[in-house]
Amino acid sequence: MTRRLYLSVPHMGESEARYVQEAFSSNWLSTVGPNLDAFEAEFSRRLGLPSVALASGTAALHLGLRLLGVGPGDEVLCPTLTFVASVNPVTYLGAEATFLDVSRDTWNLDPGILEEVLSARAREGRLPKCVVVVDLYGQSADLDPILASCDRHGVPVLEDAAEALGASYKGHPAGSRCPVSAFSFNGNKIITTTGGGMLACRDPSWTARARFWSQQARDPGVAYHHTQLGYNYRLSNVLAGIGRGQLEVLENRVARRRAVCERYREALADLEGLSLMPEAPYGLHTRWLTVFTVDAARLGVDRDALLAALEAENIEARPVWKPMNIQPLYAHRPSYGGAVGEDLYHRGLCLPSSSSLSEGDVGRVVATLRGAVERAARARRRD
Ligand SMILES: Cc1ncc(COP(=O)(O)O)c(C=O)c1O
């Protein structure tokens, strides 16, 4: 069997092992140490905001929502089309998510729907506690109109930039425009600490509070004295060493993922019925994942047949995230629109996108897709 091609795999640089080794040789193996300090400092420098390194992106979202005061009974507006981890922390806090459809131009939260819902809520006198905006697949949401609506109504925004480290919006790094932003270093992300996350806040006192909560909220002093609820959410100094090394190669990884996407685009350009996820004019899309939509009537073969053809060649591909409004876990919650997210879910195809893919690997995916389309065309001619 040919080597399996995965959707998105870790891609280490030259320094990660050295930083990890330093953690071992200095015995800084737990949740304090020079790698943590350096990782946070470099991340903060790049983003222009103070940040705190955590055990996961989900933990960052959880602490970020708590910083925004989200609690039992609150309503939080979220986009329909995202990974479930964008929404679960709302539920952890006893709050309730309401879902808003995404825009076809960006695949991210539709600013028009958001404005309608916020205006309606304002008239009813029950504004949501906050809005979670997600930067999907490496592309920032259209933040200007989103922040304008939210500012007008006094509703804060949490940016889930888990999939968009390295992206930009109108010259600003993704995750730098909102009061709180969350990033993920899960193994499938553009850079990884094997598992980990980062929370960035515009207000440094908020980052300090999140750091305190992430270490069991132990009050200063030698006694184990607690006045607030905490969590065991801090990243270890060992894993921060991996993060340090990965930040050194971030630009390279973005360039490489974009090059992989470009190669797919060129090699599949003549196939009518395959459309690449749009890159909005306002910023840089990292192409964390290369995602196409399939128009089966024009292509002659549907998305699921392409998934099956790729799997038969030992190539991992995936549908687009299943939207939250049709998840059994969240289908009971109100949603506004939803047709765009559902359409993208039914027709979206995520292709292997790792920065370590070779030209030959990308060629293998292309050949498999073209083969499936050609086989379907031959079968139609025979009928
Ligand atoms: C949009 C989005 N939000 C949140 C997360 C959660 O991040 P983590 O896996 O680090 O908890 C992920 C990825 O896993 C994600 O894709």
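In strand β3, leucine 100 is the bridge partner of proline 79, and this pair belongs to the five bridges that join strand β2 (residues 75–79) to strand β3 (residues 96–100), the two strands running parallel. The model described here is predicted, and local features are given where pLDDT is at least 70, side-chain atom pairs count only at pLDDT 80 or more, and totals for chains, interfaces and linings use all residues. Residues are numbered from 1 along each chain as its sequence is written. Helices (H or I, at least four residues) and strands (E, at least two) are DSSP runs, numbered from the N terminus, and two strands are taken to pair if DSSP finds at least two bridges between them. In general, strands of a sheet pair through backbone hydrogen bonds, either parallel or antiparallel.

Strands β2 and β3 are part of an open sheet of eight strands, in which the pairing is mixed and the order is β1-β9-β8-β5-β4-β2-β3-β13. Its edge strands, each of which pairs on one side only, are β1 and β13 (335–336). Helix α2 (residues 34–47) packs on this sheet and touches β1 and β9, its direction making about 130 degrees with that of β1; for such angles, axes are lines fitted to C-alpha atoms, for helices over the stretch in contact, and the values run from 0 to 180 degrees between N-to-C directions. Contact between two residues means that their C-beta atoms, placed from the backbone, lie within 7 Å. Helix α5 (residues 111–124) lies across β2, β3, β4 (130–134) and β13, and runs at about 130 degrees to β3.

Strand β4 is joined to β2 by two bridges, the strands running parallel, and leucine 77 stands opposite valine 131 in β4. The pairing of β4 with β5 is also in the parallel sense, over four bridges, with valine 132 opposite leucine 158 in β5. Because five of the five residues of β4 are buried, this strand is largely enclosed by the rest of the structure; a residue counts as buried if 20 or more other C-beta atoms lie within 10 Å of its own, as exposed if 12 or fewer do, and as partly exposed in between, with C-beta atoms placed from the backbone. Both faces of β4 are covered, with Cys130, Val132 and Val134 buried on one side and Val131 and Val133 buried on the other.

Strand β9 is likewise mostly covered, five of its five residues being buried: Gly197, Leu199 and Cys201 lie on one side, and Met198 and Ala200 on the other. Four bridges join β1 to β9 in an antiparallel arrangement, and leucine 54 stands opposite glycine 197 in β9. Five bridges join β8 to β9, which also run antiparallel, and here alanine 200 is the bridge partner of serine 181.

Helix α3 (residues 57–67) is largely enclosed by the rest of the structure, because ten of its eleven residues are buried. The elements that cover these buried residues include β1 (51–54), α4 (88–92), β5 (157–160), β8 (180–184), β9 (197–201) and α7 (204–214). Among the buried residues of α3 are Gly57 and Thr58, which, together with Ser56, Ala162 and Ser184, come nearest to the ligand of the 14 residues around it; a residue is near a molecule or strand if its C-beta atom, placed from the backbone, lies within 6 Å of it. By class, the shell around the ligand has four nonpolar, eight polar and two charged residues, where Ala, Val, Leu, Ile, Met, Phe, Trp, Tyr, Cys and Pro count as nonpolar, Asp, Glu, Lys and Arg as charged, and the others, Gly among them, as polar. Helix α3 is followed by glycine 69, whose phi is positive, near 85 degrees.

A further open sheet has four strands in the order β10-β11-β14-β12, with antiparallel pairing, and its edge strands, each pairing on one side only, are β10 (274–276) and β12 (318–319). Two bridges pair β12 with strand β14 (residues 348–351) in the antiparallel sense, and arginine 318 stands opposite cysteine 350 in β14. Helix α9 lies across β10, β11 (290–294) and β14, and runs at about 30 degrees to β11. Helix α9 (residues 250–268) also packs with helix α13 (residues 359–382) at an angle of about 30 degrees, with their axes 10 Å apart. The contact is made by Val260, Arg263, Tyr264, Ala267 and Leu268 of α9 and by Val362, Val366 and Leu369 of α13, and by class the contact has seven nonpolar, no polar and one charged residues.
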